[in-house]
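Student: Hey, can we go through the charged pairs in this one? I'd like to get what they link together.

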Amino acid sequence: MSGIPRIKVNHYDTFFYQYEFSLLDALEAQEIPAPYNCRGGYCGMCKVRLIDGEVEYVQDSLVDLQGDEILTCCCKPKTHIEIEIPED
């Protein structure tokens, strides 16, 4: 893939990744409400569903994840991605 990764979030507009440290930081920069607690991959609060695309991990996670789950505090987009943030 060439170019800047595009991030699509369930009911929000699509935006382009601006090379923040993590996907969580990118969501916060766009003022998209994303749950989190520890920011270190320990608690699992920032778990979202990766619908499409690939991410790369910038820090290790201690949370067990299912096949389509990612932690936004621990990864950044590698390609264009689409995620679904759980609605509480």
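This is a predicted model: local features need pLDDT of at least 70, side-chain atom pairs count only at pLDDT 80 or more; totals for chains, interfaces and linings use all residues.

Student: What does Asp-68 form with Arg-49?
Tutor: A salt bridge, with the closest N and O atoms 3.0 Å apart. The term means a side-chain nitrogen of Lys or Arg within 4 Å of a carboxyl oxygen of Asp or Glu.
Student: Where do the two lie?
Tutor: Asp-68 is in the loop between β4 (55-57) and β5 (69-71) and Arg-49 is in strand β3, so the pair ties together parts 19 residues apart in sequence. Strands (E, at least two residues) and helices (H or I, at least four) are DSSP runs, numbered from the N terminus.
Student: Which side chain does Glu-84 meet in a salt bridge?
Tutor: Arg-49, at 3.5 Å, N to O. Glu-84 lies in strand β7 (residues 81-84) and Arg-49 in strand β3, so this pair ties together parts 35 residues apart in sequence.
Student: How accessible is Arg-49?
Tutor: It's partly exposed, at 35% relative accessibility. Buried means under 20% relative accessible area, exposed over 50%, and partly exposed in between (1.4 Å probe, protein chains only).
Student: New topic: how many salt bridges does the structure hold?
Tutor: 5. One of them joins the side chains of Arg-39 and Asp-25 at 2.6 Å, N to O.
Student: Which residues are linked in a network of salt bridges?
Tutor: Asp-25, Glu-28 and Arg-39.

Definitions and conventions. Residues are numbered from 1 along each chain as its sequence is written. Side-chain values use heavy atoms; hydrogens and water are left out.
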